[in-house]
Amino acid sequence: MRRTTLTLLAVGLLTATAACSSSTTDKPAAAGTAATQPAGAASPAQPADQAADASAVLAKLTAAVKTVKTGVQVTADNDPNHLLGRPGQYTSKVTFSDSRIKAADVEGEKEDSVNRGGAIEVFATEADAKARSEYIQGIVKGMPALMEYDYVHGPVLVRVSKLLTPDQAKALQAAI
């Protein structure tokens with residue numbers, strides 16, 4: 001009975017981890033799956049006005065912090081978490097990279113990984129953004145390898161790579 005409980009707990013943690021974080025992979029995308037598209041490009045599954053929300057926040061960030069570069073515009077077709085547009089989840093999301101993070105430190109990471117710099121997720125309400133942040137932080141407390149900095153500004157959640165120093169992360173927070 002105890003072994004079954006531990007196994008179920010481990011499976012639950014792995015499932016929860018996959019739901020909140022882009023993972024590393026050495027495998028290319030499987031044939032027939034949607035490829036990630038550059039930020040700012042709206043897909044037919046996502047109206048352009050929704051894509052602009054997270055992109056507008058990122059534009060402000062890239063103007064203020066010169067080491068930040070646009071990453072991947074997340075769409076319903078390429079969302080690794082399958083949360084875009086779902087009730088209580090983000091309405092737009094974009095990832096970004098930060099040149100202060102060494103390439104060797106993110107080797108093997110997916111292009112949309114928060115570890116490369118971060119992600120901006122926009123929600124319908126501040127409560128939804130806070131709930132997402134609390135969910136992520138609840139998972140990473142028990143798994144320091146998944147740590148990240150999360151900052152909520154109204155309905156916007158800014159997720160920042162653990163590979164940046166606390167001072168660097170605070171500078172990103174201040175720029176939003």
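**Strand pairing, cores and individual contacts in the predicted model**

Tyr151 stands opposite Val158 of strand S6. This pair belongs to the antiparallel pairing of S5 with S6, which extends over six bridges. The two strands form a hairpin with two residues between them. Within the turn, Gly154 adopts a positive phi of about 60°. The model described here is predicted.

The protein contains four helices and six strands. Read from the N terminus, the order of these elements is α-β-α-β-β-β-α-β-β-α. Of the 176 residues in the protein, 38% are buried. Among contacts with a sequence separation of 6 or more, 65% are made by residues 24 or more positions apart.

With S3, S4 runs antiparallel, and six bridges join the two strands. In this pairing, Val94 is placed opposite Ile120 of S4. With S6, S4 is again antiparallel, here through five bridges, and Gly118 stands opposite Val160 of S6. S4 is mostly covered, six of its six residues being buried. As a general point, the side chains of a regular strand alternate between the two faces of the sheet.

Nonpolar side chains in soluble globular proteins tend to be buried together. In this model the largest nonpolar core comprises 22 residues. The members that touch the most other members are Leu58, Leu61, Val68, Phe96, Ile120, Val160 and Leu172. Helices H2 (48-64) and H4, together with strands S3, S4, S5 (148-153) and S6, each supply at least two residues of the core. The greatest contribution, four residues, comes from H2.

The surroundings of Ile120 illustrate how several parts of the chain meet. Once neighbours within four places in sequence are set aside, Ile120 is in contact with Ala54, Val57, Leu58, Leu61, Ser92, Lys93, Val94, Phe96, Val156 and Leu157.

Helix H4 (residues 166-175) has Ala169, Leu172 and Ala175 as its buried residues. Viewed down the axis of H4, these buried residues fall within an arc of 120°, and they therefore line one face of the helix. Asp167 and Ala174, on the other side of H4, are exposed. Leu172 is also one of the residues that touch the most other members of the largest nonpolar core.

One aromatic pair is present in the structure. The ring centres of Tyr90 and Phe123 are 6.1 Å apart and the ring planes meet at 80°, so the pair is classed as edge-to-face.

The phi of His82 is near 55°, a positive value in a residue other than glycine.

Arg159 is located in strand S6 (residues 156-161). With a relative accessibility of 1%, Arg159 counts as buried. The side chain of Arg159 makes a polar contact of 2.7 Å with the side chain of Glu148.

Lys130 is situated in helix H3 and, at 40% relative accessibility, counts as partly exposed. The C-alpha atoms of Lys130 and Gly154 are separated by 8.7 Å, although the two residues lie 24 residues apart along the chain. Gly154 is the residue of positive phi in the turn between S5 and S6.

Definitions and conventions. Residues are numbered from 1 along each chain as its sequence is written. This is a predicted model: local features need pLDDT of at least 70, side-chain atom pairs count only at pLDDT 80 or more; totals for chains, interfaces and linings use all residues. Side-chain values use heavy atoms; hydrogens and water are left out. Rings of Phe, Tyr and Trp (its six-membered ring) pair if their centres lie within 6.5 Å; planes under 30 degrees apart count as stacked, over 60 as edge-to-face and the rest as tilted. Buried means under 20% relative accessible area, exposed over 50%, partly exposed in between (1.4 Å probe, protein chains only). A polar contact is a pair of N or O atoms within 3.5 Å; within protein, one must be able to donate a hydrogen and the other to accept it, and residues adjacent in sequence count only if both atoms are side-chain atoms. The arc is that of the directions from the helix axis to the C-beta atoms. Two strands pair if DSSP finds at least two bridges between them. A nonpolar core is a set of buried Ala, Val, Leu, Ile, Met, Phe, Trp, Tyr and Cys residues joined through side-chain atoms within 4.5 Å. Contact means heavy atoms within 4.5 Å.
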